[in-house]
Amino acid sequence: MKLSRNWLRQYVRLYATTEELQRAITFLGFEVESVTNTGLPPLSNVVVGEILTRTKIPNLKKDISLCTVDVGPAHGGVRSIVCGAPNCDAGRRVPVALPGAVLPSGFQIAQRKTYGHESQGMMCAPDELGLPGEHSGLLLLPATAPIGQPINEALPDGDTVFDVEVTPNRPDALCHLGMARELAAWLKYDLQHPEIKFQGTPKGTPPSPLLTSIRVDAPEDCPLYVGIAVAGVKVGPSPVWMQERLLAVGLRPINNLVDVGNYVMLELGQPLHVFDAKKIAGRQIVVRRATDGEKLVTLDGKERALNSRMLVIADEAKPLVIAGLMGGHDAGVDATTTDIILEAACFRPQSIRWTSRRLGLTSDSAYRFERGVDAHGTVAAAHRAIDLILETAGGTVVGPVMKAGGDRPWSREIRITPNYIRAKLGFDVTDDEMRDALIGLALPIKAEHETAAGLEWTVAIPSHRRDLDRPIDLVEEVLRIYGTDRVPSAICSGPALADGDDDPIARFNRQATDYLVGQHFHEVVNYTLRSQTELATWVSAAAAGELALANPFVDDQSHLRPTLIMGILESLKLNQSRGIPAARLFETGRVFMELNGTVQECVAVGFVLCHNPKERAWRTRPEPDFYTVKRHVEILARAAGLDLAAQPLVPVRGAYWGWQEGQSAAAGEMSDGWTARFGLLNLAMVRAAGIEGKVWAGTLALLPQKLTVGGSHTRYRPFSLFPAALRDLALVVDADRHADEVRAQLLQLAQAATGPSFAIERVEVFDVYTGAGLPAGKKSLAFALSFRSAERTLTDDEVNAAFGKIQQAIAVDGTMSVRA
């Protein structure tokens, strides 16, 4: 957003220096990216001169002239100057740099012989004086400019332009009046609003012959549309003062009607559009969605293909404007325009933002509509534009002011006490200073009364400040105007942290990162917001509804992410498309899980391993499998204080989890405060995403209070120096039972059989058999059992006794049998 100092002066007195204004804008919370002075820099020995004669120097390929120039008796009278400009005609008054002058480029003027003639100075083009403009000709001065007058006195004062970055939550500051309001509060000056003379048409005004109706077919995307007809206008250049202000902020003047629309947008923040009335078929305006495949040639000469999600302003036959973005080539004003329709409207920000991204089209209007335009100022902006149109183009308003929709009622109040403000600031500010700050920002105190907590204010929030909705927001407003530079210095005090006593979340993220980087993974970082389409692959519709934002900025960032894998896959696809062989990626961050109708914020880590057989390498790496990712998740869970190996595993099933059935598993439930998933990602989903190869992944998410990382240290425990006793056992079980479930059951039976005398060290499956020799619907699982004592070598008798008890327990259990 470019701000003209001269323009701002129309609304607030600005006696401060450029540096003071830059500092004020910065302390008000806006970043000043650059400051440009458009006026003439101080120049000595550059004066006004009048060209007396012009003689072309013969026998030259270039058109070079020898001129005599009168610079006044104080500067040597008439001088001879060689000039190559095409407009150095006799009688014209131009800036003349005399010998000894130093131009802004650093070039020093001296008397020298050029093309065989003595040149006693240089006549200057605009760019040579540091002014905007081309080098194609001399800067022509008014004929009334006194000869010999210093050029800094002859030319009007320049302007200072601030290029300011306005945060997305402050659309009210995207105009000169909005920023003037901020500066007025900071400088303690009154704010002068522009005078608006036109206040609408009286009741009973007969219908306009130029516009018979306005119909809005998509009121959710266009809650307010205003149209005003003006007849008898004359298209021409806008006045010099308006052109200067537009040029100062980087807009090219076009004609008086178009310039008025741009001027009001930059003054009040409300984009406008002007139609040529004779180009509106049927004399009616329809705000509707485009049809799929409908086309429109915009003002930039490009044909745009539209679809049914895009909003257009149309007549009864065709679209005229892409709403909020750009007008159509065939509906704009031109030199023959005599009757116009002025449009002022309010559009839903999400609709404009989506259309802008889809078409790759942006504009100053779209920039403001995307951030939100104050609908309660739309009518006033239209009236301001009518004043300027009547002033610069003439004409008469015909018919009533037509309006579809209306100003939605606005009422917002915040109750706050001065004591609350002081408590949050941490230092003393007087009630009067607080009151002045709020009133200066157009935040009036409607009522004040005494309460048990002290004086309480009821502050009215204007519609252009929708970012203010909590008492703490008003604390920030007071501090902005009071000045953060005035915050008193104080000694910070607080509880000291013992060495290494870091936040558990930070410790877990650090440990997870250290481990995965050590395993040759690359870290990625993605947004916590994802699209609704993505979530359909990972969670149920009910869960997606709980994770939806109430007012998303853009459609592809409409939901909180329930898993990190979505973003990591996007990073994987990007790397593959760029030819980067980054097949191991991970991310740590926050995810959001739906649990019993509430959204839980969880600490999470996720990773992917991609195996692409088409990848060219001198050495073929082993293909990852289920056990590869399971091992990684077990180690990550251990860093969080969880023993994943001791948890039962269940297969991931269902259409909402993004995993390949039969090759993925889950452990834990969010009802227990944590969950883990790992295995092969759904092959169809991976292919649809445009990713080559199989993708194995793992993810762990847990509530922050479940983190026990660093709570206790693993202590050394002596291991047995005596040998283990090994036994193998084959069990026949139902074919649909999971091996880990059977292993866990066998481990319990073995622990009960050994008792306190020695230990069952581990139970591991080493073979699975299905086929001949087994009953239908059965399979054989072979397990290796390891027994060991910490005190002695176990005898065969005691091991066999325990082994026999295990087999007896299996027989009693009845859910499995020993295979002979």
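A helix crossing counts as left-handed if the near helix is turned anticlockwise from the far one by less than a right angle, and as right-handed if clockwise. Keep that in mind for the first stop. What you have open is a predicted model, where local features need pLDDT of at least 70, side-chain atom pairs count only at pLDDT 80 or more, and totals for chains, interfaces and linings use all residues. Numbering starts from 1 along each chain as its sequence is written, and side-chain values use heavy atoms, without hydrogens or water.

**Stop one: two helices**

Select residues 256-268, helix α6, and 378-393, helix α9. (Helices are DSSP runs of H or I, at least four residues; strands are runs of E, at least two.) Their axes, 9 Å apart, meet at an angle of about 145°, and the crossing is right-handed. Axes here are lines fitted to C-alpha atoms over the stretch in contact, with angles from 0 to 180 degrees between N-to-C directions.

**Stop two: a pocket**

Next, select F626, Y627, K630, L649 and D740, which lie nearest the centre of the second largest pocket. A pocket is an open set of points on a 1 Å grid, where a 1.4 Å probe fits, with protein on both sides within 12 Å along at least five of seven lines; lining residues have an atom within 4 Å of a point. Which strand gives the largest share of the lining? Colour β35: 7 residues come from there.
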